[in-house]
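Me: I am new to this structure and would like to go through its aromatic rings. Please show it, and then I will ask.

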Amino acid sequence: MTSMDEGSQAVEGALKAADGNGAASFRIFLSYRRKDAEATVGRLWDTLTNGLGGEPGFAEDQIFRDIDTIEFGVDFRNAIRGAVASSDVFLAVIGREWLTVADERGRRRLDNPTDFVRIEIEAALERAAEHRDVRVIPALVEGAEMPGADELPEQISELAHRHAVELTD
């Protein structure tokens, strides 16, 4: 397992390796379920914005974290696609309940084509396949295991084939 700080260092290292300009030119997209990993993403946000080992952190506007950052009246699908297109790294934060979180009717949210997390991952995988300019990284937290392709909707099943980083506190 990788600690939150080590995981953040791995992300920062991947960003710097992608374009030798350092953190100032990078954008990160954090995809997560509030019911699954909200506290962990909050700590990851703090680590990324505060920096590590004397290195500067990322500016808040370099990290897309939440649907709440989308302005009212804007089509969230287009806003998500735009945020993904401008990102260098897409972190799909997966906790123990990520795969099974259900809606008010008991249906698995990931199976709903309008689920925010699904839309985010679809957009990231499409962008990565078409342009190869965004790195899609599953980040396993709180003891979660990587879901298999057969457990995911077909549109996002490629996520199961991405090398994941495990983050711990």
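Me: What is the relative accessible area of phenylalanine 76, and is the residue buried, partly exposed or exposed?

Reply: The model is a predicted one. Buried would need under 20% and exposed over 50%. Phenylalanine 76 is partly exposed, because its relative accessible area is 27%.

Me: How many aromatic pairs are there?

Reply: Ring centres must lie within 6.5 Å for a pair. By this rule, the number of aromatic pairs is three.

Me: Are the rings of phenylalanine 29 and phenylalanine 90 stacked or edge-to-face?

Reply: Their centres are 5.0 Å apart. Planes under 30 degrees apart count as stacked. The planes of phenylalanine 29 and phenylalanine 90 are at 25°, so the pair is stacked.

Me: Why does this pair tie together parts that are apart in sequence?

Reply: Phenylalanine 29 is in strand S2 (residues 28-31). Phenylalanine 90 is in strand S4 (residues 89-94), so the parts tied together are apart in sequence by 61 residues.

Me: Are the rings of phenylalanine 76 and phenylalanine 116 stacked or edge-to-face?

Reply: The centres of these two rings are 4.7 Å apart. Planes over 60 degrees apart count as edge-to-face. The planes of phenylalanine 76 and phenylalanine 116 are at 85°, so the pair is edge-to-face.

Me: Which ring does the charged end of arginine 65 sit over?

Reply: A charge over a ring has to be within 6 Å of the ring centre. The charged end of arginine 65 is 4.3 Å from the centre of the ring it sits over, that of tryptophan 45.

Notes: Residues numbered from 1 in each chain as written. Predicted model: local features only at pLDDT ≥ 70, side-chain atom pairs only at ≥ 80, totals over all residues. Heavy atoms only, no water. Phe/Tyr/Trp six-rings, centres within 6.5 Å; stacked < 30°, edge-to-face > 60°. Helix = DSSP H or I, 4+ residues; strand = E, 2+ residues; numbered from the N terminus. Buried < 20%, exposed > 50% of the residue type's maximum accessible area, 1.4 Å probe, protein only. Lys NZ or Arg CZ within 6 Å of the ring centre and 35° of its normal.
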